[in-house]
Amino acid sequence: HATLTETRELSMRKSRRYLQPISTRPPNNEEKLQSKMLRQAMQECAIYETEESQKARDKAIATLRSVVRSWAKKVGSGKEADSCARVELYGSCRLGVQSPESDIDAVVIAQSRIRHGAFFGVLQAMLRECKEIRNFVALPNTFAPIMKMTIHGIDVDVSLASLPIHQLPAHWDPLDSEGDYLHSIDPKSLLALGGVRNSDLLVRMVPNVDSFR
């Protein structure tokens, strides 16, 4: 019988075979000109992130991470807050393709002892008390539980993924084929991980990340 690791590697090879790029040849001169014209049109339409919007986004992410770090120290069990819980981005921010109007999609990955009760309990209270946060809404009973808010003018969605491990590793790979946490994770946490895993898988499968962005 194939081992769990062998089964996953076979599945990944099949996925790569079906999702190969149409072409990997370099662009010709006409295509380079078309790309230049497209970039110019996108800049004129203010689709690219501006320096001002990037600063606001960075401040929003820093504020969220600061609150989560304080929360992790309260409810976690570990010497370092980041080994108990920390923020991971997904969607356009993780892919590096955000625009000035993009929101921030985030998931708090946490050690096994930190569950949704603490997420919608202690963390919700701390976020509501933060003066930089506005328009706070908690949705604990939806199919995919989430908290929505505005931080420094940026809309932010936050969910929780409680991993079945005692301490978070310093360098966590959401696509780690050696880990078996997906087989014992609760359904709500699995849903929350989908965005991070899909973003990383997309970046790994494109032949040229800069061209993709």
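Here are legends for a few close-up views of this predicted model.

The model counts local features at pLDDT of at least 70 and side-chain atom pairs only at pLDDT 80 or more, while totals for chains, interfaces and linings use all residues. Residues are numbered from 1 along each chain as its sequence is written, and side-chain values use heavy atoms, with hydrogens and water left out.

**View 1. The five-stranded sheet.** Look for an open sheet running β1-β2-β5-β4-β3, with mixed pairing. Strands here are DSSP runs of E, at least two residues, and helices are runs of H or I, at least four, numbered from the N terminus; two strands pair if DSSP finds at least two bridges between them. β1 and β3 sit at the edges with a single partner strand each, so one side of each has no neighbour in the sheet.

**View 2. The β4 and β5 pair.** These two strands pair in the antiparallel sense over five bridges. Zoom in on lysine 148, whose bridge partner in β5 is aspartate 157.

**View 3. The largest nonpolar core.** This one has 34 residues, and Leu64, Trp71 and Phe119 are among those with the most contacts inside it. Such a core is a set of buried Ala, Val, Leu, Ile, Met, Phe, Trp, Tyr and Cys residues joined through side-chain atoms within 4.5 Å, where buried means under 20% relative accessible area with a 1.4 Å probe, protein chains only. Helix α3 gives the largest share, eight residues.

**View 4. Around phenylalanine 119.** Leaving aside neighbours within four places in sequence, phenylalanine 119 is in contact (heavy atoms within 4.5 Å) with residues including Trp71, Val108 and Met147.

Conventions. Buried means under 20% relative accessible area, exposed over 50%, partly exposed in between (1.4 Å probe, protein chains only).
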